[in-house]
Amino acid sequence: MPSAENSGIPAAELQRFTAYLRGCKRILALVGAGLSASSGLPTFRGAGGLWRSLDATALATPEAFERTPGLVWQFYSYRRHMALQAEPNKAHYALAELARKNEDFITLSQNVDGLSQRANHPSEQLHLLHGTLFDIKCTNFYCDYTRENEFTDPIVPALDIPKLDSGLNPSAVDKTGEEAAKSMREALSGTQTEIDISDANNQIPELDAKDLPQCPKCNDGLLRPGVVWFGEALPEKTMNTVDEWIAAGTIDLCLVIGTSARIWPAAGYIHEARSKGARIAVCNMDPKDTPGELHKGDWFFTGDAGVIVPEIFKSIIGEI
Ligand code: APR
């Protein structure tokens, strides 16, 4: 069967999608960790979702922060560091370009890595459902301190990633098996002497609360990353804006890119879009990761978002 160059998409499938996309007015994209996988950042439910043998999602709770703020900060400081080392890939740029071509296209991102912003996705068309690693806020319930676009890495000296010459033992064995995490580690080990602190075999210091970022406003609370943890509500203003957009008319297309679509309420937007008339187009490496049942007229593009997304938008945005 003929297929579009490099992407492996059957030509007839691409043609059917492209013809539909050209006529689309209102488009909603829900994106997840798979969007940034080819930038070298591990996903959550892939093999690289373990951090120091801990389920990454178990560290993403207010209870984990209360119990072990040092460990949770080490996890987030590591993610901030990795995200800053990574570069946006072609899928981030393609989504940003589609947004520039169509004012009625919005991206709902579950990612906190800042890569869509760095690909210049128009900010009013990008809704960060789970916050960002680069906003910081106070944990004290009575304090409203927040700091946006805080890119200092490490945010405090105690969170600096230990170096090889510090006497700690790096493991020689990669135990995660996750390609993205591995390539990032290799890139790091080739250029720097940092220890891979995502590997539980490598020691990390136990940090005191006094070593962690402190609130400069109330002088009484620890600062925390401005991400949405399990058990917390999504940002109200963001949800209201998205709800208003959804209510404003029928939706022609819902793109579901690089997400397992298992986390609610984010995954619920796919169903809302469907109920407003949208056809669904999924792009995922794993052909089993379907968000519910696909209907006749929907699409499933199997493969790397970094390759597929620029290809399926090409007739509108040109070459990325
Ligand atoms: N291209 C496209 N899809 C990919 C790629 C790739 N290169 N690599 C992996 N994927 C797919 C996986 O098959 C999987 O379906 O990306 C998806 C990633 O799923 P998750 O790891 O569950 O990430 P995500 O859907 O973003 O998780 C949602 O859960 O842990 C919380 O808050 C966290 O925002 C996150 C939310």
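# Contacts, burial and packing in a predicted model

Analyst: Among contacts in the protein with a separation of 6 or more, 71% are between residues 24 or more positions apart; contact means heavy atoms within 4.5 Å. The model is predicted, so local features need pLDDT of at least 70 and side-chain atom pairs count only at pLDDT 80 or more, whereas totals for chains, interfaces and linings use all residues. Residues are numbered from 1 along each chain as its sequence is written, and side-chain values use heavy atoms, with hydrogens and water left out.

User: How many helices and strands does the protein have, and what makes a run count as one or the other?

Analyst: The protein has nine helices and 11 strands. A helix is a DSSP run of H or I with at least four residues, a strand is a run of E with at least two, and both are numbered from the N terminus.

User: Why is S7 called buried?

Analyst: The relative accessible area of S7 is 9%. Buried means under 20%, exposed over 50% and partly exposed in between (1.4 Å probe, protein chains only), so S7 is buried. S7 lies in the segment before α1 (11-22). Beyond its neighbours within four places in sequence, S7 is in contact with V307, I308 and E311. In the protein as a whole, 52% of the 320 residues count as buried.

User: What makes strand β9 largely enclosed by the rest of the structure?

Analyst: Five of the five residues of β9 (residues 253-257) are buried, and the strand is therefore largely enclosed. L253, L255 and I257 point one way, C254 and V256 point the other way, and all are buried. In general, side chains of a regular strand alternate between the two faces of the sheet.

User: How do you know that β9 pairs with β1 and with β10?

Analyst: Two strands pair if DSSP finds at least two bridges between them. β1 (residues 27-31) and β9 have five bridges and run parallel; I27 has L253 of β9 as its bridge partner. β9 and β10 (residues 279-284) also pair in the parallel sense over five bridges, with R279 of β10 as the bridge partner of L253.

User: What makes β7 and β8 edge strands?

Analyst: The open sheet has three strands in the order β7-β6-β8, with antiparallel pairing. β7 (146-147) and β8 (223-227) each have a single partner strand, so one side of each has no neighbour in the sheet. β6 (residues 131-138) is joined to β7 by two bridges, and K137 stands opposite T146 in β7. β6 and β8 pair over four bridges, where I136 has P225 of β8 as its partner. Although β8 is at an edge, five of its five residues are buried.

User: Why are α4 and α9 called roughly parallel?

Analyst: The axes of α4 (residues 90-101) and α9 (residues 305-317) cross at roughly 25 degrees and come within 8 Å. Angles under 35 degrees count as roughly parallel, over 145 as roughly antiparallel, 65 to 115 as roughly perpendicular and the rest as oblique; the two helices are therefore roughly parallel. The contact is made by K90, A91, A94, L95, E97, L98 and K101 of α4 and by A305, G306, V309, P310, F313, I316 and I317 of α9.

Conventions: Axes are lines fitted to C-alpha atoms, for helices over the stretch in contact, and angles run from 0 to 180 degrees between N-to-C directions.
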